[in-house]
Structures are given as C-alpha cells and as structure tokens.
Amino acid sequence: MRLTLSLPVLVVLLAVVLEGPAPAQAAPNIQDKLKEFGSTVEEKFLAVVDHIKKSELPEKTWSWISDTFSKAKDKLKTTFS
C-alpha cells in the first residue's frame, strides 16, 4: 500500500524538478528586454521611413501610376468613342 502511494508522489516530484525554473524566475527583467526590443524596432522603422522619404521611389511610383491611369483613360476614350 505504501509503495502504490509513494510512486505517484515520486513521479510528480520528478516532473516538478525536471520542469526547470518558472518563467518569472528565469527572466526577471523581461520588461527591460521588451522596452529595448521596442526601441530597436522603432529606430529601424524610422530609419526605413527616412530612407524612403529621401529616395526617389515615391515620386517614381506616383508618376508610373499617373502614366498608367492616363493610358487606360485614353484607351477607354478611343475604344468607346
């Protein structure tokens, strides 16, 4: 009777020991790491936005869209006129 009660207790004890530290014990400074990650992402995002503003990409894209729209508009006028 003793053996049947002590085996489950040993299994539970072994599972608790092998589980490792709780997340709160393993990384107590998780807020600092999240703040650092957030500021890093913010810096990279602002750098990308600044690079796009300085590049000619928006201007080229707008001119391409305008040209394509004008061509389509002219094509519709000639087709249905």
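K60 is exposed, with a relative accessible area of 52%; here exposed means over 50% relative accessible area, buried means under 20%, and partly exposed lies in between (1.4 Å probe, protein chains only). Its partner is E56, and the two side chains meet in a salt bridge at 3.8 Å, N to O. E56 counts as exposed too, at 53% relative accessibility.

A quick word on the background: this is a predicted model, in which local features need pLDDT of at least 70 and side-chain atom pairs count only at pLDDT 80 or more, while totals for chains, interfaces and linings use all residues. Residues are numbered from 1 along each chain as its sequence is written, and side-chain values use heavy atoms, leaving out hydrogens and water.

So what counts as a salt bridge? A side-chain nitrogen of Lys or Arg has to sit within 4 Å of a carboxyl oxygen of Asp or Glu. By this rule the count comes to two, and here they are:

| Salt bridge | Distance, N to O |
|---|---|
| K54 and D50 | 3.4 Å |
| K60 and E56 | 3.8 Å |

K54 and D50 both belong to helix 3 (residues 30-54), four residues apart, which is about one turn of the helix. Helices are DSSP runs (H or I, at least four residues), numbered from the N terminus. K54 counts as exposed at 67% relative accessibility, whereas D50 counts as partly exposed at 36%.

How confident is the predictor? On pLDDT, its confidence in each residue from 0 to 100, the protein has a mean of 83, and 84% of its residues reach 70 or more.

Methods:
Helix = DSSP H or I, 4+ residues; strand = E, 2+ residues; numbered from the N terminus. pLDDT = per-residue confidence, 0-100.
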